Amino acid sequence: MAVGLRHFTARAGNGSEEPILDTDNGEELVHVQPSVSVAVGDRAPESPGTLYITTRQVIWLSELDREKGYAVYFLSLSLHAVSRDPEAYPSPCIYTQIETEADEVEDESKDSDSECSEVLDLSKIREMRFIPSDANQLDTLFQVFCECAELNPEPIEEGEEEGHNWIFSADQLEDEAGAGDDVEWHFSQNPTNTIGHSNGHHDLASSVLELQINDQRFEDAEEMEQDSDTGHHHQSQHLQD
């Protein structure tokens with residue numbers, strides 16, 4: 001499976017503009033969103049095209065040029081989020097971060113040259129934005145991204161504990177909530193609080209969980225301290241009596 005952003009031009013024939021999918025291996029089309037521009041790296045947005053979201057990948061095909069299209073597997077998307085802040089980007093969009101084969105810090109000037117040159121080197125692209133003409137579709141697109149990302153969890157390497165995968169389904173969250181009061185951590189089940197989705201094992205999820213655990217431990221420590229102070233107070237009164 002190719003890693004990172006790649007060119008995609010495989011369209012169905014007979015006048016159909018839809019992409020050719022790997023249906024033999026179970027790939028299915030989940031969502032189609034027309035009139036979506038794409039901004040690759042720091043480049044200006046392309047002319048509008050159609051966004052196809054499948055159970056395995058995200059595909060964008062130009063409406064004007066049949067030879068222009070991009071695709072990225074969900075396993076290569078390390079993060080996706082809704083961006084509505086005009087200071088971050090002029091247009092509301094779905095912002096994505098892409099893992100590459102050589103995902104190492106390189107000289108910024110080289111990256112800038114590759115993105116601004118006529119020949120676009122997709123192997124160095126680490127960011128991409130999908131800009132729908134109708135900004136009201138952002139929440140729907142984000143939800144579809146989340147659902148399909150959960151269908152593509154990162155493979156667990158040998159020796160790696162399964163407990164470090166911070167992608168949970170609603171059923172799993174409900175099971176944890178009903179496990180008892182001794183559970184030290186809790187996740188919000190309110191989807192309106194979600195501002196982004198991180199795929200795989202990342203420091204963000206780990207930091208959030210660690211913060212929640214530490215908060216719970218601090219609360220437990222305070223309760224123990226209060227109980228201890230109460231006990232000393234009662235003992236003092238008993239001695240005075």
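## Rings and neighbours: worked exercises

Phenylalanine 145 has a relative accessible area of 0%, so it is buried (under 20% relative accessible area; over 50% is exposed and in between is partly exposed, using a 1.4 Å probe and protein chains only). Before we go on: this is a predicted model, where local features need pLDDT of at least 70, side-chain atom pairs count only at pLDDT 80 or more, and totals for chains, interfaces and linings use all residues. Residues are numbered from 1 along each chain as its sequence is written, and side-chain values use heavy atoms, with hydrogens and water left out.

**Exercise 1.** Work out how the rings of tryptophan 60 and tyrosine 70 are arranged.

Step 1: recall that a ring pair is described by the distance of the centres and the angle of the planes. Rings of Phe, Tyr and Trp (its six-membered ring) pair if their centres lie within 6.5 Å; planes under 30 degrees apart are stacked, over 60 edge-to-face, and the rest tilted.

Step 2: the structure holds 3 aromatic pairs. In the one made by tryptophan 60 and tyrosine 70, the centres are 5.9 Å apart and the planes sit at 20°, so we call it stacked.

Step 3: find the two partners along the chain. Tryptophan 60 belongs to strand 4 (residues 57-62) and tyrosine 70 to strand 5 (residues 69-73), 10 residues apart. Helices (H or I, at least four residues) and strands (E, at least two) are DSSP runs, numbered from the N terminus.

Step 4: check the surroundings. Both tryptophan 60 and tyrosine 70 are buried.

**Exercise 2.** Do likewise for phenylalanine 130 and phenylalanine 145.

Step 1: their centres are 6.1 Å apart with 50° between the planes, which makes this pair tilted.

Step 2: phenylalanine 130 is in strand 8 (residues 127-132), while phenylalanine 145 is in helix 2 (residues 138-150), 15 residues along.

Step 3: phenylalanine 130 counts as buried because its relative accessibility is 2%.

**Exercise 3.** Describe what surrounds threonine 96.

Step 1: leave out residues up to four places away in sequence, and threonine 96 touches Phe130 and Phe145, among others including His80 and Met128. Here contact means heavy atoms within 4.5 Å.

Step 2: turn to histidine 80, which is in strand 6 (residues 77-83). Histidine 80 is buried too, at 0% relative accessibility.
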